[in-house]
Amino acid sequence: MKILYCIILLFLSVNNLTAQNGFDLKHIDSIIDNRVRNQYGKALQQLSNRLNAEKNPRILQTLYAKKTAILLDQNKINEAQSTINFAQKLCVTDNCYPEKSSLNFQQAVVYFQKNETAKALEEILKNNLILQKYIPKARELAISYSLTAYYYNTLEDFRNAEIYLKKSLDLEKELNPDKDFASTYNNLGILSKKQKKWTKAIHFFKQTLQQDAKSRNFQNNIYTYNNIASVYLEIPKLDSVYHYLKKAKKSATKEELFNSSVYPNFCVYFSRKNKVDSTLYYGHQFLSRFSENNPDHYSKAAVVYSEFSQLFERNSSLDSSLFYQKKLLEIKEKQWNTTDKEEMISKAEQKAQIKYQNQVIQALEQKNYFQNLSIRQNRILIFSIVIGFILLLISLILFFQRRKLKHEKKQIELEQKILRSQMNPHFIFNALTAIQNKVMENNPLGTATYISRFSKLIRQNFNFTQKEFVTLEEDLDALKNYMATQQMRFENKFDYEFNIDENLNPNFINIPPMLLQPFAENAIEHGFKDISHKGKIEIIVARQNKEQLRFKIIDNGKGFYPKTDEKLHALEIIKTRLKLNNPNDEASFYIKNRTDVPGTEVSFLLTLANNS
């Protein structure tokens, strides 16, 4: 909320009005900017006197916006809403802009303070459309873009937040190239990080440090250093993490350390190093001052609880791991559902477009553009041409929409089949039976290990169902866990081996999830069934060229004998997924029996996404 308030104050300071009859606007702006609450009464009285004397509707818009800003900071939301409603009726044409933007901003803040973020976004999107049409080079539009980015970020639509923040930055550079843009670069870095664009994030954070050094403003260095450290935690580069966390800690007070994410990041760093005492120390440093009234604390607490749970799991303290896993679930239950947010964003965008169109229609009716048309014969011709064009346009739109919907329907059906095939119910039943057998064998260590692997496998599978792409490292880790679980289930009746091209960095390569698992499952469940020798699976990943990877899955089982029934099997699903990724990928796919020894060989190319 602090960021939002600063953006609004920045706009209010843009509107400079001439002093009149003892009315000192600069003094009122200073009271609002510095939030001098004990002088709000005097400021409101001066504003009321000026409002009673002022006749210019555009100036009235600005004065009422300043009054509303004071009322909102006093948490008088209903009075602020009444003031906005009255002020907006004073000027209803497009000539009211850009001054009327100040009231639109305040209306958005009212919605936001009432926890109606989608309505706040709707109001700002409508404001953007009007300013883009009538005053595309106004400073108010740059501020409106910043507010749009803020609301999108609040709703966790980071892609659109980044788009609007860049729009604001580009327009501000054009209007005021000498301005300090450190905070904007920092926000762009945060948004890139949230989208897992690590290189871009570090680039923007380093630009932030350069801007701060240029302006000799070092008070925010703690946050920038900490942001860089958090990116290196994701890559991960632990030496760089520790380097920047030390810089952050050195440049901050204890209060700043708590308000930032330095303590949670230290907790993650020492957890990755498996240093139990240091992990617990920094985690509890944050949790000791956790506040349920601070929304930012929830995500940080979730990080700490997750690291505690994983740390105790790695050290075989399963009771403690389960305790912190429950704490993590309690925190996450209090956060919004992502699907609900996406629906809110979509509805807000649609309503903004409708309101904008209604305003345009009202303006056109007021100006009465068609009052000078005198030749009635031409009206019929023009009307016929317009109707014909609209019908043609509607036909084209419907055609492309049908084609798009048909393609989307095919994708949805395929995804549903993939989801049903990703976790075989027979595998779950057999795994649970294996757990029961190990319990009956009185083997607590083996049982705990098997349960840990099995729970991790279930968690990974559920996580993958929510993602279109995962890193190669994540996918290979899930596959290793699956084969290790199966290896325990079948009592080491087969071995597996991974051969990954040493020139690849799996953390920076994105692929569709679960492409390899069906073939490994087929080898284990069918290829190794009733064989007398020990089975073996070899997974090979190599760079084919700059744009493609080569995947191979080789086993020494019974060989490949395709089924002849009419059911859609995993083989067809994988081929369809490859085709949707790139038609050339499907063409590269083959599955055949080995010629040297019994067994099966599967191979295909995968074209990488642009950000891999």
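Reply: A nonpolar core is a set of buried Ala, Val, Leu, Ile, Met, Phe, Trp, Tyr and Cys residues joined through side-chain atoms within 4.5 Å, where buried means under 20% relative accessible area and exposed over 50%, with partly exposed in between (1.4 Å probe, protein chains only). In this predicted model, the largest such core has 55 residues, and I70 and Y151 have the most contacts inside it. Helix 8 (residues 139-154) gives the largest share of this core, nine residues, helices being DSSP runs of H or I with at least four residues, numbered from the N terminus. A second, separate core of 39 residues includes Y225, V231, L287 and V304.

Me: Is F383 buried or exposed?

Reply: In soluble globular proteins, nonpolar side chains tend to be buried together. F383, however, lies in helix 20 (residues 376-422) and counts as exposed because its relative accessibility is 57%.

Me: How should I read pLDDT, and what is its mean for the protein chain?

Reply: pLDDT is the predictor's confidence in each residue, from 0 to 100, and where it is low, the predicted coordinates should not be read in detail. The mean for the protein chain is 81, with 82% of its residues at 70 or more. Local features need pLDDT of at least 70, and side-chain atom pairs count only at 80 or more, whereas totals for chains, interfaces and linings use all residues. Residues are numbered from 1 along each chain as its sequence is written, and side-chain values use heavy atoms, leaving out hydrogens and water.

Me: What part of the protein chain counts as buried?

Reply: Of its 612 residues, 43% count as buried.

Terms used
Helices (H or I, at least four residues) and strands (E, at least two) are DSSP runs, numbered from the N terminus.
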